[in-house]
Structures are given as C-alpha cells and as structure tokens.
Amino acid sequence: MSQANDTYPPVPMQEGTRQEPRLLAAGPDAGWAQHLDTFGTWEPHTAGPGLLEELAAAGLTGRGGAAFETWRKATAAAGSGRKGMFPGRPVVVANGAEGEQLSFKDRTLLAHAPHLVLDGLMALAEALGGASTYVYAPAAGLPRVQQAISERPRGKRIRLVQSPETFISGESSAVVNMIAHGSAVPTDQRRRLSESGLNGRPTLVVNVETLAQVALIARYGAPWFRHAGTPTDPGTRLVSVSGPAPARDVVLEVPGGAQLSAVLEEAGMDPAALSAVLVGGYHGRWVRPAGHALSPVGPPARTARPGAGVIHALDLQACGIQATARMVSYLADQSARQCGPCMFGLPAMASVLNRIAGGETNHRLASELDRLGKLVTGRGACRHPEGTTGLVSSALEVFAPDFRAHLSGYCTGPGGAAA
Amino acid sequence: MKTQLHIDWTSCDGRGLCAELLPGVLDRDDWGYPVARGKAGRERTDVPLRDADLEAAQEAVVLCPKLALSLHERKVQ
Ligand code: SF4
Ligand code: SF4
C-alpha cells in the first residue's frame, strides 16, 4: 500500500456506474509510466493557441467553484499579455487548495493523477505563449507533486508553493497574494488578475481538476469530452461526497448534469433516508435530495450548482438549523477580517442563527438573519459574504418548517423526530 | 463609458466621511461602513455613478482618510 492510498480516500472502482473513469483512469497512485500507459504519449509543450479553441468547443468550465468558462479566462490572460505598456509574461497557477473541510477531490486527484494535472498546466502555459507555472497545494500534497515533476523529462521549472489550511486560501487573489507576499488572504481587486496579477503579470489561477480536464481535451479533443454529460454541462466532474454513517467519504467522477439522487446512491446512501443535501459546499446551498440535477446552469428548482463539487448529506434525525449554525460560525471565524461588512456582519449572522438553534423563541430573529444577509452581500474584497448569505438563505428556505418550529419552542427533526 | 466608484473594503475603516459627502449615493450600515443605495451584488463594491454625483465623488476620493476610494471607467455592458 502506498502512502497516498493510506492518506487519501480510495479511488472508487466505479463498478456498475454509468460513467467510465476518465481523470482517475490510470488507477491509484499513478506514476509516470502508468500515466503514459493509460493516456498515451503526448508532449504538452507542443500545445499552441489552438488549445484555447479546443477548450471553447469542449465547453469546459472551471471545477474550482465559479464554473467560469476556462477558454474565456485563458483568452483574457493571453490578451493582456500581448497588450499594454509593459507586456509581462503570463503566469498560470494550478490551484490545489481546498480550504473546505468537506472537499477532498482535489487532493485525491493530486495524489493519484498528478501527471494529468501537470500535463494540463504545461499545455495551458504553452498555449499562453510560454507562461511561468506554479502548483499551489497544501503541505500534504506537495511531496507527491514534487516526485511527479522529477519523474518527467520536462517540467523542472514548475514552482511549488504551499497553501495554508484556511477556508479562504484557495480564493484566486489570495493564491496570488500568497505566492507574491506569503499571505493567503484576498486582495482588493480593482483590476482583474487576468490583467494584473502576480507582480503585475496577467495571471490565471486554475483549479487542478480543471487542468486535468484540459490535459484530456488536449489529447482526445472536444467531441470526446462532450461524449459525457449534457449539452449545457458537458464532460465529467469529480465530487467529494460525505454523509451520515455508515456512508464513507468518497470521491466519484460523475457526468455533467447527473441526478443528485443517483450520485447519493452511488456513494452508498439512500436518498429517502436523508433530509437535505448541501451542494457546492459552505458557499453552496441546501436542497432536498430528490429532483435536482448537478449542473452550473439551469433553473434553481431543478438544478443545484456543484461549485467545487462538495456534496454533503444530512440524515433525517439531524437538525438542519444546528448544522447550518455550526457552518456559519465556522465561516464567520474564517473571515480574513479585512473588510468591515464581512468582519462584523458574518459573526452577527452566526450569532442570530445560534440563538435560533439554541431555542430562543423570538420571531424577529428569522427576519433579522435575512436582513443581515442582504446587508453584507456584495461588500467584500472576495465573495465570502455572499457565499455565506447564500448558504443561510437556502437554509431558511429548505428548513423553513424547522425554523418555525424552533421559533415556537420546538426542535423538530425533518423526519418528525423531536430532538 | 460609465464612471464607477470603487470601494476597497480591505482599507476602509467605516468612519463614514464618504456617506456624508455622497448622501444620495451612499448610506451607512450597522457598523458605519458605506452601503450603495439601491444597488445589489458587486455594484455595491463598484458603484455606478450619475454624472451629477461625479464632483462629490471626486472629493470623497481625495478626502477618504484611508485612500479606500477610487474612480474608474468601465464599458457599459
Ligand atoms: S470579504 Fe471577508 S473573507 Fe473576503 S477578503 Fe474581505 S474580510 Fe476577507
Ligand atoms: S471615507 Fe473612506 S474609510 Fe471612511 S467610510 Fe468612506 S470609504 Fe471608508
């Protein structure tokens, strides 16, 4: 057993599922030889600007949260690198920081398929005319990446930077700030990173799974990529699925537009035994387990945005308000305390929510929570305030009966069990 | 082109001078920090200005003790 297998959730064997593994096809702990064996020989440094067109045709979107179209982001950085008074060489950063406790798909990917990520990083850097390259990841993931770099004939110029284990460390401007100044907190973004990022150079911060997808698209082409998923959400994505025992934490590769209930079943859970599911992580939203497809586009009544791929299920006996209160307290604690509305507003939201969770029967608390959420939204250097508000408003919606019960002096589990 | 007032939240200390200079554009929140009136989402960080407010906005930029305010031009989408 390799160390990676001991430290990280196992690579699922995917028996009996609809999706053939793509990203993890080389199997557990794949080294250079296994990588070439599985995916074929290919020289990422031969990638040219044509790669960006291929990414556009593939319709690849970012797998780190924002689901922005990868080709657009890359084209913006390429454009800024060419114009301006001091055209700087662009920078591409492979972002493996997943500050979210419920997210583990990126470290699983970096542990088992580092070469696919490095292929994508190098190819994208070439497509931007020879950009500088960085891998940004938590301490536990870096030795494996270093080892992978040393196994390759090229890639010695890739620099590694350790990300701290904070919630906000993976935010793009925090990534750039960490590399430049050793401080992983977001910075004011008067100018976009694609215009002026690391040392004023056009900078592209790309999630590691997105880069692995780039490597596959560069090899096999856009039509192959679109063979999985739906026309509006093509390809596959990795999801980190967790839930009540006995379900174990598992990373799955699922097609775009997959039904949430099917994903839960594949992870060994019975959707009927769950009260609600957190989709997209602490900046995501609660939904009911049935009737939602995982997709960054589509009506909210029938789709849930996967964000960075976090899926966390709550069992029928658990109190959704208490679960959300714990999360919001954590998020308030993880504010970088730079921006007033975030520094004061998030703890205020957490405090109101904890009062409701703790059984205070004041009917004005729910509307106060709603007011605070609306007040902080859009008012920070990063999207931490609106991410937190989104989680809270989804809780107010999905757990509405529980809020009413709490505010009347009862805590009723969604299944009817009094807690 | 439309002029926007950008608020750098990492610098602003919430003493509220800007809201005094631009009462029609900025309100203050529970803690004193500026809130763009009638705006949602990121337009509360990059606040679109009417021409009539430009002069007062320039004054706020100069007088903000934290240098947290700046004006910039954005293409109208
Ligand atoms: S909005 Fe909050 S988390 Fe984001 S930079 Fe400001 S203080 Fe930090
Ligand atoms: S004047 Fe400057 S520091 Fe004071 S509240 Fe306005 S933006 Fe913030």
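**Why these words? Terms in a predicted model**

Biologist: Why is D37(A) called exposed?

Modeller: D37(A) has a relative accessible area of 70%, and exposed means over 50%, buried under 20% and partly exposed in between (1.4 Å probe, protein chains only). The value is above the 50% limit, so D37(A) counts as exposed. D37(A) lies in helix α2 (residues 32–39) of chain A; helices are DSSP runs of H or I with at least four residues, strands are E runs with at least two, and both are numbered from the N terminus.

Biologist: Before we go on, what kind of model is this?

Modeller: This is a predicted model, in which local features need pLDDT of at least 70 and side-chain atom pairs count only at pLDDT 80 or more, while totals for chains, interfaces and linings use all residues. Side-chain values use heavy atoms, with hydrogens and water left out; residues are numbered from 1 along each chain as its sequence is written, and chains are lettered from A and ligands numbered from 1 in the order in which they are written.

Biologist: Good to know! What makes F344(A) and Y33(B) a tilted pair?

Modeller: The whole structure holds seven aromatic pairs over all chains. In this one the ring centres of F344(A) and Y33(B) are 6.0 Å apart and the planes meet at 35 degrees. Rings of Phe, Tyr and Trp (its six-membered ring) pair if their centres lie within 6.5 Å; planes under 30 degrees apart are stacked, over 60 edge-to-face, and the rest tilted. The angle falls between those limits, so the pair is tilted.

Biologist: What makes the phi of N199(A) worth a remark?

Modeller: Most residues other than glycine have a negative phi. N199(A) is not a glycine, yet its phi is positive, about 50 degrees. It is found in the loop between α8 (172–181) and β4 (203–207) of chain A, and at 62% relative accessibility it counts as exposed. R337(A) also has a positive phi, near 55 degrees, but at 47% relative accessibility R337(A) counts as partly exposed.

Biologist: R337(A) is also listed around ligand 1. How do the classes divide in that shell?

Modeller: A residue is near a molecule if one of its heavy atoms lies within 4 Å of it. The shell of ligand 1 has seven nonpolar, four polar and one charged residues. Ala, Val, Leu, Ile, Met, Phe, Trp, Tyr, Cys and Pro count as nonpolar, Asp, Glu, Lys and Arg as charged, and the others, Gly among them, as polar; therefore C339(A) is nonpolar and R337(A) is charged. Around ligand 2 the shell has seven nonpolar, two polar and three charged residues, including D13(B), R15(B) and K66(B).
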